[in-house]
Amino acid sequence: MSTISTELIRGHTATIILNVLRQGDSYGYEIYKQILKLSGHRYELKEATLYTVFRRLEKEGYIVSYWGDESQGGRRKYYRITESGREYYERSVQEWQFAREILDRLIKGGLNDGKDE
C-alpha cells in the first residue's frame, strides 16, 4: 500500500484537524487515530506536528481546549472547534477545491487543450 507524501500534505494539516473537530470534540490521540482512519491508513500525522498545530490553532482562536474529567487513567486535554475555526475550515476547503482544479490543469493538461489560443 502506498502512502501520501508528507511534503504534499503540508499546509493542509490545520484543515484536516479542523475537519475532525467539526465532527465533535476530541483529544490528541483520538484525533491522530481518526486522521489515520480517514486516510485509509495511508497518512500518519506525526505527534509533534499534531501538537504544534493544536497550539497554533488555539492561539489563532480556531479551537479551544479544556481538560476532561475521566474517572480512569490520566486526564485528557480535549479540543473544540470555534465558530471562527468553522469559518476558517470552510475557506480552506474552497481554496483547496480551487487549487486542485488549477493543479490538475498544470500537471495533466496539454498545451493545446485550451480553447483560448
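Me: How much space lies in the largest pocket?
Reply: This is a predicted model, and in it the largest pocket holds about 590 Å³ of space.

Me: Which residues are closest to its centre?
Reply: The closest to the centre of the largest pocket are Ile 4, Ile 9, His 12, Ile 16 and Trp 96, out of 16 residues that line the pocket.

Me: And which helix gives the most to the lining?
Reply: That is α5, with 4 residues. At least two lining residues come from each of α1 (6-9), α2 (13-21), α3 (28-38) and α5 (83-108).

Me: What is the lining like by class?
Reply: The lining of the largest pocket has 11 nonpolar residues, 4 polar residues and 1 charged residue.

Me: Let us turn to α3. Which of its residues are buried?
Reply: The buried residues in α3 are Gly 28, Ile 31, Ile 35 and Leu 36.

Me: Why do they line one face of the helix?
Reply: Seen down the axis of α3, the buried residues fall within an arc of 140°, so they line one face. In general, an α-helix has 3.6 residues a turn, so residues three or four places apart point the same way.

Me: What do those buried residues pack against?
Reply: They pack against α2, β1 (26-27), α4 (47-59) and β3 (77-81).

Me: Which exposed residues does the face turned away carry?
Reply: On the face of α3 turned away from the buried side, Tyr 29 and Lys 37 are exposed.

Terms used. Residues are numbered from 1 along each chain as its sequence is written. This is a predicted model: local features need pLDDT of at least 70, side-chain atom pairs count only at pLDDT 80 or more; totals for chains, interfaces and linings use all residues. Side-chain values use heavy atoms; hydrogens and water are left out. On a 1 Å grid over the protein atoms alone, a cavity is a set of points where a 1.4 Å probe fits but cannot get out, and a pocket is an open set with protein on both sides within 12 Å along at least five of seven lines; lining residues have an atom within 4 Å of a point. Grid points are joined across faces, edges and corners, and a volume is the space filled by probe spheres set on the points. Ala, Val, Leu, Ile, Met, Phe, Trp, Tyr, Cys and Pro count as nonpolar, Asp, Glu, Lys and Arg as charged, and the others, Gly among them, as polar. Buried means under 20% relative accessible area, exposed over 50%, partly exposed in between (1.4 Å probe, protein chains only). The arc is that of the directions from the helix axis to the C-beta atoms. Contact means heavy atoms within 4.5 Å.
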